[in-house]
Amino acid sequence: MRQKKIHYIYNDAMECMDFDERKKLQGERLRATVELEYNNVPAYRKRMDEAGVKPEDINGIEDIVKLPFTQKTDLRDNFPYGLFAADLKDIVRIQGSSGTTGKPIVSGYTENDIKVWTEMVARALTAAGGTKDDIIQVAYGYGLFTGGLGAHQGATEIGATVIPMSSGNTQRQIIMMKELGATMLCCTPSYATYLAETIHEMGIKPEELKLKSGCFGAEPWTEEMRQHLEDLLDIDALDIYGLTEIGGPGVAFECMEKHGMHINEDHVLAEIIDPVTEEPLPDDTPGELVFTTLTKTGAPMIRYRTHDICTLHHGTCACGRTTVKMSRITGRTDDMLVVRGVNVFPSQIEAVLMGVKEASAHYMLVVDRVNSQDKLTVQVELKDDVDINDADKLEKLVAYIKTQIKQTLLISAKVELLPPKSIARSEGKAKRITDNRNTGF
């Protein structure tokens, strides 16, 4: 039930603000944030002193290059409260990253921070066509992970009815989706794919559902995956982006133009840098995304290196918004595989496989080291209607996929075809990589 391309905007004053007016607002808020950090976070004050910069040196957003970067390791080194700029009595919630390795990462939210975050998600849901008349099913996980509560708050803010399903229990998800008449879905794209495929296996047709759109995020996904989801569910599938350290989902979001995500620039300032030299890069040049919070008071972040790879583009969108747009995330600098000197991102493989009609949306990349040489294996799960006993057809399919991967990545890979349903399904963030080079295997 895809919608007509109508552009709904939650906060015209901020989302469609004049460029110069926004730049002035950002400069004022940047200076205030730097002062807050310098006066209340000893670890960051030390970093600024070492860099020879004071709050009074920041007179506009062009001065941001004077400030030192913040890394995820800084949050771990100062766990749990070392980077909080507010007293604990003013922190009304703790949220944490969804990562499963290393020391946990947490962020503190003041009442102001919750309000800001809530509005950012409300803007995203509105851009996806969400109104008070919608029933929004939230299938992100609830808890420390920001996905569930973030989407829930935003849906409540626009006056919609919320179904707080959380992740998992797929059959029940679908029953509730159908019986309660959910019109919007919020979850990871990999889980949305699993839901869509299960809906078809249950014999439920898209027209039996009332879904019109979905906000899918928390992991990189491709344009090919969007088309796959839209075809399966007959919905508008839109990207939403965020991270705990900056405020959770809603930091950026797609409008119905589906050509880049609008960054909520009144609340966050974005940069693209060369991940090696750390020098700023111009518009439309791929690099590492860096964020500075402008209104966060519990645990502000200055020049936080996300390790996400994308581009930025300034200009006025056809939807009327004037905020800078970030492209889809093509990968992460810390999730990038280097195979025989070539940078490989899962999204590149996904784009190839989504163009193969016999391949499902599920795959794994396995990297081994044999005789001091890297070996990449791409495990491809086949669709149900593929005859796994037709050896000749499968041989030709393997050859075709290998050729497409070689043309895309400029390196050779072994391709293994797996039976349907053989790759474990994800109810949260999908695991796409197994790197055996440093495990002793």
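A: Helices are DSSP runs of H or I with at least four residues, strands are E runs of at least two, and both are numbered from the N terminus. The model is predicted, so local features need pLDDT of at least 70 and side-chain atom pairs count only at pLDDT 80 or more, while totals for chains, interfaces and linings use all residues. Residues are numbered from 1 along each chain as its sequence is written, and side-chain values use heavy atoms, with hydrogens and water left out.

Let's start with helix α9, which spans residues 223-233. Its buried residues (under 20% relative accessible area with a 1.4 Å probe, protein chains only; over 50% is exposed and in between is partly exposed) are M225, R226, H228, L229, E230, L232 and L233. These side of the story continues with the packing partners: the buried residues of α9 pack against helices α8 (189-201) and α10 (346-353), and also against strands β6 (213-217), β7 (236-243), β8 (248-254) and β18 (359-370). Contact here means heavy atoms within 4.5 Å.

Now for the nonpolar cores, each a set of buried Ala, Val, Leu, Ile, Met, Phe, Trp, Tyr and Cys residues joined through side-chain atoms within 4.5 Å. The largest one holds 39 residues, and L67, Y241, I263, L289, F291 and M326 have the most contacts inside it. Strand β10 (residues 268-273) supplies the largest share of this core, four residues. A second, separate core has 27 residues, including W117, V121, I240 and C317.

Two strands pair if DSSP finds at least two bridges between them. An open sheet of four strands runs β10-β11-β12-β15, with antiparallel pairing. The edges are β10 and β15 (331-332); each has a single partner strand, so one side of each has no neighbour in the sheet. Within it, antiparallel strands β11 (residues 287-293) and β12 (residues 304-310) are joined by four bridges, and F291 has Y304 as its bridge partner in β12.

A parallel arrangement is found elsewhere: β19 (residues 373-382) and β20 (residues 414-418) run parallel and share five bridges. T377 is partnered there by K414 of β20. Together with helix α11 (residues 391-409), β19 and β20 make a right-handed β-α-β unit; right-handed means that, with the strands pointing away from the viewer, the path from the first strand over the helix to the second runs clockwise.

Q173 sits in helix α7 (residues 170-180) and counts as buried because its relative accessibility is 0%. Beyond neighbours within four places in sequence, the contacts of Q173 are Q137, A139, M165, S166, S167, G168, Y191 and L195. L88, by contrast, belongs to the loop between α4 (72-77) and β1 (91-96), and its relative accessible area of 47% makes it partly exposed. L88 and G298 are 210 residues apart in sequence, yet their C-alpha atoms are 8.8 Å apart in space.
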